[in-house]
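This briefing walks through one structure topic by topic, for a reader who wants to follow each point against the sequence and the coordinates. Please keep both at hand while reading.

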Amino acid sequence: MRRGEEEAEIDRLPIDLLAHILSLINCFKDLAQASGVCQKWKQAVKQSLARRERLSFAGWKMDDESTSRLVLYAYNLKELDIPRSRWGCQITDIGLYQISSAKCVSNLTSISLWGMTGITDKGVVQLISRTTSLQHLNIGGTFITDDSLFAIADSCPNLKVSLKSKDHLGLFFQLYDSHCEWRPGQKTIVLWSCRHVTGSGLLILVNKCQKLKSIDVWGTRVPLDCFIGLLAISPALQIKPKELQLNIERVLMVPV
């Protein structure tokens with residue numbers, strides 16, 4: 001500091017307190033600008049990211065590098081939301097591979113990759129195989145196949161999954177309604193518009209993920225007989241949309 005200059009009040013704050021203040025900022029552009037103020041602020045931004053338990057990139061134009069860099073700093077992260085947005089979130093398998101190496105991945109309980117058409121089974125399997133604590137997963141509106149479902153079934157026995165993509169719903173660790181509001185406590189898998197998923201993948205998934213309460217299969221190409229098989233494995237399972245559930249019940253009521 002030059003002679004005669006007074007130290008700004010905020011510069012007198014301990015770095016821990018500054019990091020707490022910065023953790024309240026959700027605008028990544030603002031955080032990037034704050035990081036360029038000085039070395040102390042740069043370190044405070046890193047600490048603020050390390051304290052976060054949730055990161056959402058909804059509405060932001062993100063790519064593999066920028067997304068993975070922020071996740072790598074978020075050591076205590078539990079919920080990760082990377083949905084498609086009107087700004088064009090461009091996440092690919094490369095980004096999923098980079099994210100899978102983050103320290104927080106094993107503690108993640110919720111992940112949303114809704115509408116990420118640039119990802120494939122290769123990236124999803126790599127990420128999911130590292131997420132041993134996963135409970136909610138949203139990969140609706142993607143081009144995943146049974147290979148991803150097999151990996152989910154093997155790595156995430158406690159999963160409460162959603163494979164839905166309608167109204168920004170999907171395999172999301174946090175289930176949204178038609179107004180994109182999260183409904184906590186849902187034990188749901190939504191396969192909405194996952195057209196490459198087959199009955200074999202669903203049967204293995206439901207068989208190994210015993211905590212599933214609801215599955216949304218709107219837009220899939222799975223035959224009705226498969227859903228009857230799912231109910232044989234888990235009689236309490238709710239199959240959506242409701243029209244499909246009613247059709248299944250009618251079939252089961254027909255006398256043999």
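C156 counts as buried, with a relative accessibility of 0%, and C194, also at 0% relative accessibility, counts as buried as well. These values, like the others below, come from a predicted model, in which a search of the whole structure finds zero disulfides.

**Cysteines**

- The closest cysteine sulfur to that of C156 belongs to C209 and lies 6.9 Å away, which is too far for a bond.
- A disulfide, in general, is a covalent bond between the sulfur atoms of two cysteines, and the count of such pairs in this predicted structure is zero.
- A further cysteine, C226, is among the buried residues of helix α9.

**Overall make-up**

- The protein contains ten helices and nine strands, and 46% of its 256 residues count as buried.
- When contacts between residues at least 6 apart in sequence are considered, 71% of them join residues that are at least 24 apart.

**The four-stranded sheet**

- Four strands form an open sheet, in which the order is β1-β2-β3-β4 and the pairing is parallel.
- Strands β1 (54-56) and β4 (136-138) stand at the edges of this sheet and have a single partner strand each, so one side of each is left without a neighbour in the sheet.
- From one strand to the next, the twist averages 5 degrees.
- Strand β1 and strand β2 (residues 79-81) run parallel and are joined by three bridges, and within this pairing the bridge partner of R54 is E79 in β2.

**Packing of α2 against α3**

- Helix α2 (residues 28-35) packs with helix α3 (residues 39-51) at an angle of about 145 degrees, and the axes of the two helices are 7 Å apart.
- On the α2 side the contact is made by L31, A34 and S35, while α3 contributes W41, K42, V45 and L49.

**F28, a buried residue of α2**

- F28 lies in helix α2 and counts as buried, its relative accessibility being 11%, which falls under the 20% cut-off used for that term.
- Leaving aside neighbours within four places in sequence, F28 is in contact with L55, S56, F57, W60 and L70.

- An α-helix has 3.6 residues a turn, so residues three or four places apart point the same way.
- In helix α8 (residues 199-208), the residues G199, G201, L202, L205 and V206 are buried; they cover an arc of only 155 degrees around the axis, which puts them on the same side of α8.
- In helix α9, the buried residues are C226, F227, L230 and L231; they cover an arc of only 145 degrees around the axis and therefore lie on the same side of α9.
- The other side of α9 carries D225 and A232, which are exposed.
- F227, placed in helix α9, is buried with a relative accessible area of 2%, and the C-alpha atoms of F227 and L237 are 9.9 Å apart, with ten residues separating the two in sequence.

**Buried residues in loops**

- S234 lies in the loop between α9 (224-233) and β9 (238-240), where a relative accessibility of 13% makes S234 count as buried.
- The contacts of S234, apart from neighbours within four places in sequence, are with V206 and L212; V206 is itself one of the buried residues of helix α8.
- G115 lies in the loop between β3 (110-112) and α6 (121-128), and at 3% relative accessibility G115 counts as buried.
- Not counting residues up to four places away in sequence, G115 touches R84, G140, G141 and T142.
- Of these, G141 is 26 residues from G115 in sequence, while the distance between them in space is 4.4 Å, C-alpha to C-alpha.

Key: Residues are numbered from 1 along each chain as its sequence is written. This is a predicted model: local features need pLDDT of at least 70, side-chain atom pairs count only at pLDDT 80 or more; totals for chains, interfaces and linings use all residues. Side-chain values use heavy atoms; hydrogens and water are left out. Two strands pair if DSSP finds at least two bridges between them. Axes are lines fitted to C-alpha atoms, for helices over the stretch in contact, and angles run from 0 to 180 degrees between N-to-C directions. Contact means heavy atoms within 4.5 Å. Buried means under 20% relative accessible area, exposed over 50%, partly exposed in between (1.4 Å probe, protein chains only). The arc is that of the directions from the helix axis to the C-beta atoms. A disulfide is a pair of cysteine sulfur atoms within 2.5 Å.
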